[in-house]
Amino acid sequence: MKKFKTIVMAAIMAMICNGLSAKVTVSGKQPMSGDLISGVVIGGDGPIGGVDVVEKNSDGYVVAGAITGEDGVFSFRVANPADSIFLAKYYDEDCLLYDSYIIPHIAIAGSRFEIVLEKNPPVEYDFDDFDFEGLAVVDSDAAPRPLRMIFRTVGDKEMQGYKYSEDNFSFVWNDESGEAFLFKAWHHECQESVEIPSEITVNGKTYPVTGLTETVFFDMDDCMKTVSLPDGIKIIGDRAFSNMKNPYGSDDAEMALESVTIPENVSVIGGYAFRGCPLKTVTVKSPDPIICPENVFDQSVYENAILELPENWKNRETSQTGLTWSRFRNIRYY
């Protein structure tokens, strides 16, 4: 019951944290595709670090972005000045009890942004008066019901469905779309190669696995050198392979993911999807450009890794392929 109470308290606190308003100042010339834009995010107590400032296209996918530093400053190259910039939801340290900042959408209209966020007035909640026992209604004679889950994929895109786990993976499946997303990978032994299933079967019905939600491999150990993605994958979510940790508890060890092949059906890769991965080779199977921000890979990957692309990418302009793929210094065509 104590664990259940903690979960419910966290959910209520998240609902309390609602944003109110923002003041936006824009200066500078109208940017062109590929131009560097910069800005600062300021709260009631000064600059705010650790805020995701991203550019989204008309479909709502993140195509560029950066995280503010301790000084609240961000900068990134704009993909399309017709897009909008967006602040990912940010909670200050007091939000565990009180307040938050809002999520503004701002049309890209200049090269310099000053975004001033206003705090909510403090909101207090007396958890002693909350009926936690009333929420834990369990009928021991009832048949077990699937647990409905909602997970983010890319930007603020969500996948809704029911939880299903098998072997070392947990999925969320959806009857309406007829598909499944992998939302968590688990294993307790060091595995150099990990293969993600192409489909799952629940109650006699088969669902193809078509995407990875955000932070799928969060907290996985760093001995995984290769990962096999099924051909049906269309979306690789935000931070899908970032923040992996050393299996022996050392936080400063580098991840060991050395190579990845992006299946041909992938059309979207989320922000920081391979952050911290010391990739040596990145192979793209898609004949068409893939939507993704530049922060998908680390700078060292752009400088040192080999990017393998289909032959029909060879003579395309950066405006067609996207800024991300143009940053690789070592490109091979097949």
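Trainee: Which residue of β12 does Y162 stand opposite?
Mentor: Y162 stands opposite W173 in β12. This is a predicted model, where local features need pLDDT of at least 70, side-chain atom pairs count only at pLDDT 80 or more, and totals for chains, interfaces and linings use all residues. Residues are numbered from 1 along each chain as its sequence is written, and side-chain values use heavy atoms, with hydrogens and water left out.

Trainee: How many bridges join β11 to β12?
Mentor: Five, and the two strands run antiparallel. Two strands pair if DSSP finds at least two bridges between them. Strands are DSSP runs of E with at least two residues, helices are runs of H or I with at least four, and both are numbered from the N terminus.

Trainee: What about the turn between β11 and β12?
Mentor: They form a hairpin with two residues between them, and D167 in the turn has a positive phi of about 50 degrees.

Trainee: Is β12 buried or exposed?
Mentor: Six of the six residues of β12 (residues 169-174) are buried, so the strand is largely enclosed by the rest of the structure. Buried means under 20% relative accessible area, exposed over 50%, and partly exposed in between, with a 1.4 Å probe and protein chains only.

Trainee: Which way do its side chains go?
Mentor: F169, F171 and W173 point one way from β12, while S170, V172 and N174 point the other way, and all are buried.

Trainee: What does β12 do on the β13 side?
Mentor: Six bridges join β12 to β13 (residues 179-185), again antiparallel. F171 stands opposite L182 in β13. The hairpin of β12 and β13 has four residues between the strands, and G178 in that turn has a positive phi of about 70 degrees.

Trainee: And back towards β10?
Mentor: β10 (residues 148-152) is joined to β11 (residues 158-166) by five bridges, and the two run antiparallel. R152 stands opposite E158 in β11. β10 and β11 form a hairpin with five residues between them, where G155 in the turn has a positive phi of about 60 degrees.

Trainee: Changing topic: how many cavities of 30 Å³ or more does the search find?
Mentor: One, over the whole structure. The largest cavity has a volume of about 130 Å³. A cavity is a set of points on a 1 Å grid over the protein atoms alone where a 1.4 Å probe fits but cannot get out, and lining residues have an atom within 4 Å of a point. Grid points are joined across faces, edges and corners, and the volume is the space filled by probe spheres set on the points.

Trainee: What lines the largest cavity?
Mentor: There are 15 lining residues, of which D52, V54, V62, R152 and D238 lie nearest its centre. R152 is the residue that stands opposite E158. The largest share of the lining, three residues, comes from β4 (residues 52-56).

Trainee: Where does β4 sit in its sheet?
Mentor: The sheet is open, has four strands in the order β5-β4-β7-β8, and its pairing is antiparallel. The edge strands are β5 (62-67) and β8 (105-107), each pairing on one side only.

Trainee: How many bridges join β7 to β8?
Mentor: Three join β7 (residues 84-87) to β8, and the strands run antiparallel. The bridge partner of S84 in β8 is A107.

Trainee: And the protein overall?
Mentor: It has four helices and 23 strands. Buried residues make up 44% of the 334 residues.

Methods:
On a 1 Å grid over the protein atoms alone, a cavity is a set of points where a 1.4 Å probe fits but cannot get out, and a pocket is an open set with protein on both sides within 12 Å along at least five of seven lines; lining residues have an atom within 4 Å of a point.
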